[in-house]
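Please keep the structure in view while reading, and turn to each residue as it is named.

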Amino acid sequence: MAETKPVVGNAQRRTAFVLAGGGSLGAIEVGMLQALLDWGEAPAFLVGASAGAINAAYFAGDPTVAGARELERIWCALTRREVLPFNLGSVFGLLRRRDHLVDSSGLRRLLERYLPYRQLEDAALPVHLVASDILNGQEVLLSAGAAVDAVLASAAIPGVYPPVRIGGRWLVDGGVANNTPISAAIGLGATRVIVLPTGFACALERAPSGAIARAMHALSLLVARQLVYDAERFAGTAVELRIVPSLCPLDVSPYDYSAAARLIARARTETCRWLEQGGLDRAGTPPQLREHHD
């Protein structure tokens, strides 16, 4: 069956899929991924940060059209309670001056349940996850070792999730150093980079309420701004850089996990339209990623 064959990148044109962070907006990347696969795009390897690390790690274990469909099913079943359980224990933790708001054990259980491999190097498709050293802010690229720990480190939003100790370093969210790791993909040998961004909620009528919601919204704005900067930085270089347009208008907070099905369907439809209009033949930054408000 064609659906069960792993996608394999073109040997002469080494394509990397780069998946950015964005909390619950990571569901958008699933729709983009499905559209790209249906179009015949096949990455040689994956690079992910934060929520993008979760998507990249899962897809690397089953890099097929069927795997992308299963990733959709997982996202549609997720609840905020599983991923970001802010509860009475969180309040007591604050009173005890704990260094984070949310216990990451729920996310760890989800990763242990769904990832079909234990070590990053055992994935069916090479995958590289970006985290940040909490001490000096340096980018740390994780390409081998315990897969669940690597994903948790890349997704550990400072102050929200606890840092993860790997190789003698305390690591946090890749967004601190490089949330859309185009440079990491190029450093790994990509000659063609396709970025799957989550974008940001440009159509919210008011700022999200609550500390975690506001922190995640602010981080999504930072990711979009960094992506625009990186796109301009690498424009005109030998690397072929393509950025899939993010959804706009978008009124879903990156703290809201109830809209996954709608986001995936919309992203798949809009990415298909972009592809049909020759999107992969055009360089440049999609206007949806630039600062604006709908």
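Serine 50 is buried, with a relative accessible area of 5%, and it belongs to the loop between strand 2 (45-49) and helix 2. In this predicted model, the backbone of serine 50 has a positive phi of about 55°, although serine 50 is not a glycine.

Helix 2 spans residues 51-61 and includes alanine 53. With a relative accessibility of 0%, alanine 53 counts as buried. Once its neighbours within four places in sequence are set aside, alanine 53 is in contact with Gly48, Leu129, Val151 and Ser154. Between alanine 53 and valine 127 there are 9.0 Å in space, C-alpha to C-alpha, while the two are 74 residues apart in sequence.

Strand 3 covers residues 127-133, and histidine 128 is part of this strand. Is histidine 128 buried or exposed? Its relative accessible area is 12%, and histidine 128 is therefore buried, the cut-off being under 20%. Not counting residues up to four places away in sequence, histidine 128 touches Phe45, Leu46, Val47, Gly48, Leu141, Leu142, Ser143 and Leu188.

**The protein as a whole**

The protein has 11 helices and 8 strands. Of its 294 residues, 54% count as buried. Among contacts between residues at least 6 apart in sequence, 79% join residues at least 24 apart.

Together with helix 10 (residues 211-234), strands 7 and 8 make a right-handed β-α-β unit.

**An aromatic pair and a charge over a ring**

A pair of aromatic rings is described by the distance of the centres and the angle of the planes. In this protein the count comes to 1 aromatic pair. Why is the pair of tryptophan 75 and tyrosine 257 described as stacked? The centres of the two rings are 6.3 Å apart and their planes meet at 10°, so the pair counts as stacked, given that planes under 30 degrees apart fall in that class. Tryptophan 75 lies in helix 3 (residues 65-77), whereas tyrosine 257 lies in the loop between strand 8 (240-243) and helix 11 (260-276), so the pair ties together parts that are 182 residues apart in sequence. Tryptophan 75 is buried at 5% relative accessibility, and tyrosine 257 is buried too, with a relative accessible area of 12%.

A further ring, that of tyrosine 255, has the charged end of arginine 80 sitting over it, 4.2 Å from the ring centre.

**Other local features**

The loop between strand 8 and helix 11 also holds proline 249. A cis peptide bond joins cysteine 248 and proline 249, with omega at about 0°.

In the segment after helix 11 one finds threonine 285. Threonine 285 is buried, its relative accessible area being 17%, and, leaving aside neighbours within four places in sequence, it is in contact with Val228, Ala231 and Arg290.

In the model, the end C-alpha atoms of residues 21-26 lie 7 Å apart, and the span is 0% helix and 0% strand.

**Buried residues side by side**

| Residue | Relative accessible area |
|---|---|
| Serine 50 | 5% |
| Alanine 53 | 0% |
| Tryptophan 75 | 5% |
| Histidine 128 | 12% |
| Tyrosine 257 | 12% |
| Threonine 285 | 17% |

Terms used:
Residues numbered from 1 in each chain as written. Predicted model: local features only at pLDDT ≥ 70, side-chain atom pairs only at ≥ 80, totals over all residues. Heavy atoms only, no water. Phe/Tyr/Trp six-rings, centres within 6.5 Å; stacked < 30°, edge-to-face > 60°. Helix = DSSP H or I, 4+ residues; strand = E, 2+ residues; numbered from the N terminus. Buried < 20%, exposed > 50% of the residue type's maximum accessible area, 1.4 Å probe, protein only. Lys NZ or Arg CZ within 6 Å of the ring centre and 35° of its normal. Right-handed = clockwise from strand over helix to strand, strands pointing away. Contact = heavy atoms within 4.5 Å.
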